[in-house]
Amino acid sequence: GIKNAGSHVTNSAIARTECLVEDENGNLIPQIPGEVLPLTSLPDLHPAVEYLKNRNYNLQSLVTQFDCSFCYKEQPENPKTGIYYKKLPLNFRDTPQGRIVFNAYIGGVKVGWQARIIDRVNDEGIKEYLQPYSNSWIPVESKDPSTGKWTVMPGIETTSETGFSLLWKPSKYKTAFGMSRNESLMGYDSAVKQNELWQLKKSTAFLVEGPLDAARIGPGAVAMLGKYLSESQASLLTRKFKKVVMVMDNDAAGNQARVRVKEVMTGRNVEVIFADVPYGFKDIGEMDPLDALTFAYSYL
């Protein structure tokens with residue numbers, strides 16, 4: 001396998017390039033998720049609107065920060081450009097359709113997007129997911145009383161006679177084909193613009209894990225789209241900011257992220273501050289909007 005490693009890397013790079021298209025300025029960017037509508041144009045009882053409002057998010061702020069939208073029709077599958085959607089139980093697919101789309105802009109270029117799956121807990125305590133093709137709520141998971149974790153209900157995951165298993169493993173965030181997450185920061189351009197308004201002595205970015213964590217703080221926060229800060233992402237931060245406030249999750253991964261950020265930001269002439277989310281919350285996304293903003297802004 002080692003002798004063929006180079007060819008695998010080359011093939012991966014080619015596959016990624018084939019997923020990209022040129023924008024109006026000739027930049028190679030990932031293809032759009034499909035046909036979308038801005039969140040603010042959706043009716044009040046739309047599942048995406050209800051999901052976000054139930055979590056106390058402001059729709060206009062999401063549009064401002066991430067050009068946020070709802071994908072109502074996916075891009076057709078196309079093996080030549082690497083677009084495919086994994087089959088899931090209950091006629092679901094791992095598709096951006098039926099999801100909330102967050103866009104990433106860096107220097108005015110849309111470098112990619114992530115589409116967040118929509119779920120809710122019904123009155124019986126069952127977690128339902130929005131079916132992307134029927135636009136209906138489907139019960140999928142129940143909470144294990146012994147562990148407190150959500151588990152797939154019996155009979156949903158299946159195995160065929162040939163041994164093929166259809167498992168419930170949707171992406172929480174579906175990432176654009178061809179997008180390099182470790183070279184992107186969601187909310188970057190918005191944070192740059194916000195600092196022009198703040199006029200701080202040190203331009204400041206709040207660094208969090210995911211888009212909805214960044215949305216809880218609003219413009220000024222950027223999401224590293226995972227738990228690992230890459231060298232490329234660190235360089236992006238250094239380019240525009242002199243102070244980074246990392247708002248970590250209250251878990252083991254959050255502590256590991258702290259170690260990684262210390263390592264990758266050392267020697268970059270940027271002040272790094274670690275802000276621990278108050279005890280009782282897993283992450284800042286779980287906090288009340290006003291409390292989260294007060295907590296974050298105390299570090300400016």
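**Entry 1: Q75**

I looked up Q75 and found its place in the loop between β4 (69-74) and β5. Strands here are DSSP runs of E with at least two residues, helices are runs of H or I with at least four, and both are numbered from the N terminus. I note that this is a predicted model, in which local features need pLDDT of at least 70 and side-chain atom pairs count only at pLDDT 80 or more, while totals for chains, interfaces and linings use all residues. Residues are numbered from 1 along each chain as its sequence is written, and side-chain values use heavy atoms, with hydrogens and water left out.

Is Q75 buried or exposed? I find it buried, with a relative accessible area of 18%. Buried means under 20% relative accessible area, exposed over 50%, and partly exposed in between, with a 1.4 Å probe and protein chains only. Leaving aside neighbours within four places in sequence, I list Q31, I32, P33, G34, I83 and Y85 as the contacts of Q75; contact means heavy atoms within 4.5 Å. A polar atom of the Q75 side chain lies 3.3 Å from the backbone oxygen of I32.

**Entry 2: the sheet**

Next I traced an open sheet of five strands, in the order β3-β4-β5-β6-β13, with antiparallel pairing. Two strands pair if DSSP finds at least two bridges between them. The edges are β3 (34-38) and β13 (173-175); each has a single partner strand, so one side of each has no neighbour in the sheet. From one strand to the next, the twist averages 40°. I then checked β5 (residues 99-106) against β6 (residues 109-116) and found seven bridges in the antiparallel sense. A104 has G112 in β6 as its bridge partner.

**Entry 3: helix α4**

Why is helix α4 (residues 188-198) largely enclosed by the rest of the structure? Eight of its eleven residues are buried. I wrote them down as Y188, D189, S190, A191, V192, Q194, N195 and W198. Their cover includes α3 (59-66), β5, β14 (204-208), β15 (221-223), α6 (231-240) and α8 (289-297). Just after α4, I found Q199 with a positive phi of about 55°.

**Entry 4: cysteines**

How many disulfides does the structure hold? I count zero, taking a disulfide as a pair of cysteine sulfur atoms within 2.5 Å. For C68 the closest cysteine sulfur is in C71, 12 Å away, which is too far for a bond. I find C68 buried at 1% relative accessibility, and C71 is buried at 0%.

Definitions and conventions. Axes fitted to C-alpha atoms, helices over the stretch in contact; angles between N-to-C directions. Polar contact = N/O pair within 3.5 Å; in protein donor to acceptor, adjacent residues only side chain to side chain.
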